[in-house]
Amino acid sequence: MNLNATLLGESIAFIVFVIFCMKFVWPPIMAAIEDRQKTIADGLAASERAAKDLELAQDNAKAQLKEAKAQAAEIVDAAKKRETQIIEEAAGKAQTEREKIIASGQAEIESERNRAREELRSQVAVLAVVGAEKILERSIDAATHSDILDKLVAEL
Amino acid sequence: MAADTGSYINHHLTNAQMCMTDSGVAFNKACADAGFWTLHVDTLGWSIVLGLIFLLSFRSVAKKATTGVPGKWQCVVEMIVGFVDTSVKETFHGKNKLIAPLSLTIFVWILLMNMMDWIPVDWIPTVAGLIGQHALGMDPHDVYIKSVPTTDMNMTFAMSLGVFALIIFYSIKIKGFSGFIKELTLQPFNHWAFIPVNFILESVTLLARPVSLALRLFGNLYAAELIFILIATIGIAQLPVHFLWAAFHLLVIPLQAFIFMMLTIVYLSLAHEDH
């Protein structure tokens with residue numbers, strides 16, 4: 001046994017070291033470790049949440065894409081329907097327009113013919129009168145025989 | 001040869017001593033009669049230097065401990081702190097701000113002191129001898145230095161008595177003085193007639209704690225050191241043998257530090273238990 005005053009010196013050193021460790025070493029290191037553990041735990045939770053959100057968003061996007069496709073198909077269908085409808089309408093309009101044009105053409109032709117006939121009639125009447133005047137010279141009074149002449153004109 | 005070997009071993013196992021005599025401060029052989037009031041300056045010096053290395057290096061981390069990405073040295077320190085913290089939490093379930101830093105100090109300090117055992121046994125005494133001879137004009141055979149503080153019983157007992165004081169302190173604080181006395185006298189036989197028997201048994205149990213703590217550490221490291229010194233006396237053949245023995249201490253050195261720490265936690269946790 002070689003115990004001596006060194007024991008006291010070492011005891012003092014031991015106590016001082018432990019107190020220093022307790023005051024200045026352990027608490028800050030432990031605080032840093034616990035802080036980091038908390039940060040990491042939060043980070044992991046956040047990433048898990050983000051993964052869930054991503055999944056949700058992907059599902060959402062898929063659903064929206066599907067809907068959009070359905071809408072697009074609907075729109076295309078409607079457009080096609082409208083197209084045929086427009087064509088039909090246009091064809092119908094063209095038909096009526098055609099008939100109108102034809103009718104008006106015929107009416108014009110008719111009226112033109114009537115006018116020409118009237119004109120012809122009046123000219124023929126004049127010609128007939130002139131001819132008859134020439135034949136009969138002054139024997140025939142235009143006023144007295146106008147009824148005969150009118151009859152003649154109507155017969156032409 | 002035998003006498004040489006004997007004095008070589010003796011020289012390596014003698015502490016540098018310092019004491020006060022009538023003619024002032026005296027060293028080594030002059031202190032043979034100084035009795036209790038002698039200081040082992042090598043034990044004190046090495047242990048305090050190693051303790052300061054521990055505290056300052058850990059303090060440097062504590063001061064700029066970042067909660068973000070830690071540096072390499074911070075990782076090492078945090079691993080050790082985390083290891084000690086886990087050991088404490090697994091064994092001690094109460095609330096106590098002292099036990100964890102106490103355990104850390106004990107573990108790292110003992111580990112560092114034990115690690116001095118790996119330095120080849122002749123290096124430090126030889127260097128110290130040369131310094132003593134040329135700088136101080138001493139006979140190199142009169143320069144003693146033991147570089148492993150845990151091979152000095154003063155060192156191990158200082159720590160174990162510190163722990164013992166804490167055991168008593170917490171026993172009385174938690175259970176009250178009467179509770180502490182009851183624990184010493186009414187166990188294991190709970191009958192008034194057995195009080196003396198109980199007291200003897202429990203006192204031995206209680207006193208065995210610091211004694212076994214100190215002697216276990218001292219014995220292991222003293223034996224290790226002694227065998228390192230013996231190996232150093234066998235000439236060139238020492239190289240592989242020394243290597244093997246040093247490699248074996250990869251196990252012994254941390255294990256002894258761990259045992260001291262673990263038993264401290266267990267004893268203090270027992271002191272906190274109220275029956």
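Analyst: Searching the whole structure turns up one disulfide over all chains, where a disulfide is a pair of cysteine sulfur atoms within 2.5 Å. This is a predicted model, where local features need pLDDT of at least 70 and side-chain atom pairs count only at pLDDT 80 or more, while totals for chains, interfaces and linings use all residues. Side-chain values use heavy atoms, without hydrogens and water, residues are numbered from 1 along each chain as its sequence is written, and chains are lettered from A and ligands numbered from 1 in the order in which they are written.

User: Nice, which cysteines does the disulfide join?
Analyst: C19(B) and C31(B), with an S to S distance of 2.1 Å. Their link is left-handed, at -95 degrees about the S-S bond.

User: And are C19(B) and C31(B) buried or exposed?
Analyst: C19(B) is buried at 3% relative accessibility, and C31(B) is buried at 2%. Buried means under 20% relative accessible area, exposed over 50%, and partly exposed in between (1.4 Å probe, protein chains only).

User: Switching to the surface: how exposed is F189(B)?
Analyst: F189(B) is partly exposed, with a relative accessible area of 39%.
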